[in-house]
Amino acid sequence: MIDEKRMKDILRRYKCPHCGKLPPDLYDIGDDGETIINYEFSVLFRVYERLADELGYWPIITSGYRCLDHQKELVMNKISSTYWSVHVFGLALDVDFNSVSEVKRAVEILRKVDIRPRIGWKRYLDKGKTFVHFDLGFLIIPRYSPKLHEGAEW
Ligand SMILES: [Zn+2]
């Protein structure tokens with residue numbers, strides 16, 4: 001279980017670096033009226049927690065949520081190749097490491113997580129970059145607005 005202080009720190013790094021926004025449907029209201037993090041996102045953070053548990057430290061998040069405007073900038077600057085990155089849906093994290101061996105260790109851990117995240121690393125390592133991207137892109141459902149929630153009425 002990720003404590004509140006840790007979660008704050010995660011969200012600070014996870015929010016879009018260009019506008020500071022979080023995914024429009026990150027939060028929901030629970031049965032008791034409390035604010036909860038929606039299922040898909042909480043699973044992503046649990047994968048990150050699992051990684052941290054096994055590593056013995058929390059690797060630094062270098063990219064989490066990206067609003068579509070920010071992703072467009074990255075495509076125009078040739079930093080990313082696609083507009084519809086899983087980051088745009090808030091279901092991806094990039095975490096940074098100091099060495100190739102730590103990257104490989106992280107990949108081994110991520111491969112063993114039950115939900116089996118998608119893992120990007122080989123292509124980046126080939127370019128000398130020691131970060132790991134993991135995402136739950138397979139959990140994306142067509143919902144890019146907070147208005148599209150279950151039970152909505154108008
Ligand atoms: Zn943004």
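The briefing below covers the overall fold, the sheet and the helix packing.

This is a predicted model, in which local features need pLDDT of at least 70 and side-chain atom pairs count only at pLDDT 80 or more, while totals for chains, interfaces and linings use all residues. Residues are numbered from 1 along each chain as its sequence is written. The protein has five helices and six strands, taken as DSSP runs numbered from the N terminus (helices H or I, at least four residues; strands E, at least two).

**Overall fold**

- Along the sequence, the elements of the protein follow the pattern α-β-β-α-β-α-β-α-β-α-β.
- The radius of gyration of the protein is 16 Å, close to the 15 Å that the globule rule gives for 154 residues, so it is as compact as a globular protein of that length; the radius is taken over C-alpha atoms, and the rule is 2.2 Å times the number of residues to the power 0.38.
- Taken along the principal axes, the C-alpha atoms of the protein fill a box of roughly 50 × 40 × 25 Å.

**The sheet**

- Four strands form an open sheet in the order β3-β4-β6-β5, with antiparallel pairing, where two strands pair if DSSP finds at least two bridges between them.
- β3 (61-63) and β5 (118-120) stand at the edges, each with a single partner strand, so one side of each is left without a neighbour in the sheet.
- From one strand to the next, the twist averages 30°.
- β3 pairs with β4 (residues 92-96) over two bridges, and the bridge partner of Ile61 in β4 is Val95.
- β4 and β6 pair over five bridges, with Ala92 standing opposite Asp135 in β6.
- β5 and β6 (residues 131-135) pair over three bridges, and Arg118 likewise stands opposite Asp135 in β6.

**Helix packing**

- The axes of α2 (residues 39-55) and α4 (residues 100-111) come within 10 Å and cross at roughly 125°; axes are lines fitted to C-alpha atoms, for helices over the stretch in contact, and angles run from 0 to 180 degrees between N-to-C directions.
- α2 and α4 are therefore oblique to each other, a term for angles that are not under 35 degrees (roughly parallel), over 145 (roughly antiparallel) or 65 to 115 (roughly perpendicular).
- Leu51, Glu54 and Leu55 of α2 make the contact with Ala106, Ile109 and Leu110 of α4, contact requiring C-beta atoms, placed from the backbone, to lie within 7 Å.
- α4 also lies across β5 and β6, running at about 15° to β6.

Note on methods: Contact = placed C-beta atoms within 7 Å.
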